[in-house]
Amino acid sequence: MLELKETKLITVFDGGDVKIDLGVAQLQDLYRWMLLVRVLDQRMLNLQRQGRIGFYGTVTGEEAAPIGSAYALKPQDWIFPALRQGGAALMRGMPLSLYIAQCYGNSLDLQKGRQMPCHYSYKPTNFVAWSSNIGTQLPHAVGMAYAAKLKRDPVVALAYLGDGATSEGDFHAAMNFAGVWKVPVVFFCQNNQWAISVSLKEQTASESLAIKAVAYGFEGLRVDGNDVLAVYAVTKEAVEKARGGGGPTLIEAVTYRIGAHSSSDDPTRYRSSEEVERWKERDPLERFKKYLQEKKIWSEEWQSELEAQMNEEISQAIKEVEAAPPLTLEAIFTDVYREMPWHLQQQFDALQRSR
Ligand SMILES: Cc1ncc(C[n+]2csc(CCOP(=O)(O)OP(=O)(O)O)c2C)c(N)n1
Ligand SMILES: [Mg+2]
């Protein structure tokens with residue numbers, strides 16, 4: 001059993017005594033997914049800078065958090081993401097072309113261009129679309145977990161949030177109901193130290209974010225969010241506790257947003273480059289690479305092969321997505337009513353006449 005203290009930082013890479021039940025293939029698998037997130041960040045940001053997509057939120061520096069945590073789930077479990085867990089959608093089976101199409105919002109996009117980019121949804125693997133409004137996914141996750149409990153389904157909801165979301169009413173409502181109903185939910189707070197330009201110090205006077213769980217009657221713990229193995233281990237324990245009827249857990253993964261909040265942000269206006277450089281020394285990919293290197297299961301050639309292969313797959317997927325036509329005008333009007341009501345029909349006709 002891990003010692004669940006809401007202020008102690010749980011680690012593997014810094015000499016913690018956490019037991020890891022992963023073999024060589026799984027360790028390499030985790031590394032591959034983290035690397036894909038890193039490679040994709042650059043490619044997608046380039047697309048945004050070229051004006052080919054409208055927006056992107058990178059995950060650089062935080063890859064261990066979404067990948068390590070989602071790796072602990074079973075196929076039947078559900079994910080309620082925030083902005084930076086797209087990598088988990090890919091790892092759980094969302095095809096790369098659909099991931100990219102979501103950012104283009106064209107006819108290949110499963111959500112028909114009705115969401116902002118980076119708001120992925122993939123029904124076959126229970127990856128639920130995010131609504132942009134910070135924290136709203138949390139009550140949804142608790143509701144789903146409550147239903148699972150009532151139906152005695154051995155299903156767990158993994159609900160992601162940022163540090164900024166802990167100041168939202170929805171966070172507290174969700175935490176309260178989760179505690180009272182003892183539902184199978186794991187709240188995974190990706191504390192990247194910033195909520196756009198608001199620092200963690202300005203966000204809360206609590207000594208940690210994990211400690212907030214205490215007020216709601218369940219466990220909170222802090223994990224080194226740049227340590228993929230520690231993230232995996234604590235999430236797995238919390239997920240299995242939830243599945244076994246042990247109720248919720250709040251995990252605070254301590255990490256750092258190396259890039260801008262999004263493609264629309266300039267972080268040099270509100271934080272120092274020294275701070276960013278300090279955190280780069282704890283780069284989750286570099287630390288994991290070192291661990292694999294010591295185990296002799298990482299090499300330069302493997303890394304270059306992986307990168308070349310990923311870049312090729314991304315280029316192919318972009319080509320496929322860009323070849324898809326834009327959505328038709330009807331897409332603005334469908335899927336709300338089974339049959340289009342007269343007032344929408346009127347607007348639709350007017351729109352068509354105006355083209
Ligand atoms: C209710 C609400 N208020 C404000 C915003 C604008 N907004 C978008 S992202 C963001 C910061 C989120 O920070 P955090 O929860 O730490 O997540 P991060 O982006 O750092 O991963 C804010 C304030 C919003 N989307 N919803
Ligand atoms: Mg944040």
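Visitor: Is Asn192 buried or exposed?
Guide: This is a predicted model, where local features need pLDDT of at least 70 and side-chain atom pairs count only at pLDDT 80 or more, while totals for chains, interfaces and linings use all residues. Residues are numbered from 1 along each chain as its sequence is written, chains are lettered from A and ligands numbered from 1 in written order, and side-chain values use heavy atoms, without hydrogens or water. Asn192 has a relative accessible area of 5%. Since buried means under 20%, exposed over 50% and partly exposed in between (1.4 Å probe, protein chains only), Asn192 is buried.

Visitor: Which residues are the protein donors of the magnesium ion (ligand 2)?
Guide: Donors are N, O and S atoms within 2.8 Å of the metal (3.2 Å for Na, K and Ca); water is not among the atoms, so sites may look incomplete. In sequence the donor residues follow the spacing D-x28-N-x1-W. Lying 2.1 Å from the ion are Asp163 (OD), Asn192 (OD1) and Trp194 (O).

Visitor: What is the relative accessibility of Trp194?
Guide: Trp194 gives its O atom to the magnesium ion (ligand 2). Trp194 counts as buried because its relative accessibility is 10%.

Visitor: Which side chain has a polar contact with that of Gln190?
Guide: Gln190 sits in strand E4 (residues 185-191), a DSSP run of at least two residues, and is buried at 3% relative accessibility. A polar contact is a pair of N or O atoms within 3.5 Å, one able to donate a hydrogen and the other to accept it; residues adjacent in sequence count only if both atoms are side-chain atoms. At 2.8 Å, the partner of Gln190 is Glu62.

Methods
Helices (H or I, at least four residues) and strands (E, at least two) are DSSP runs, numbered from the N terminus.
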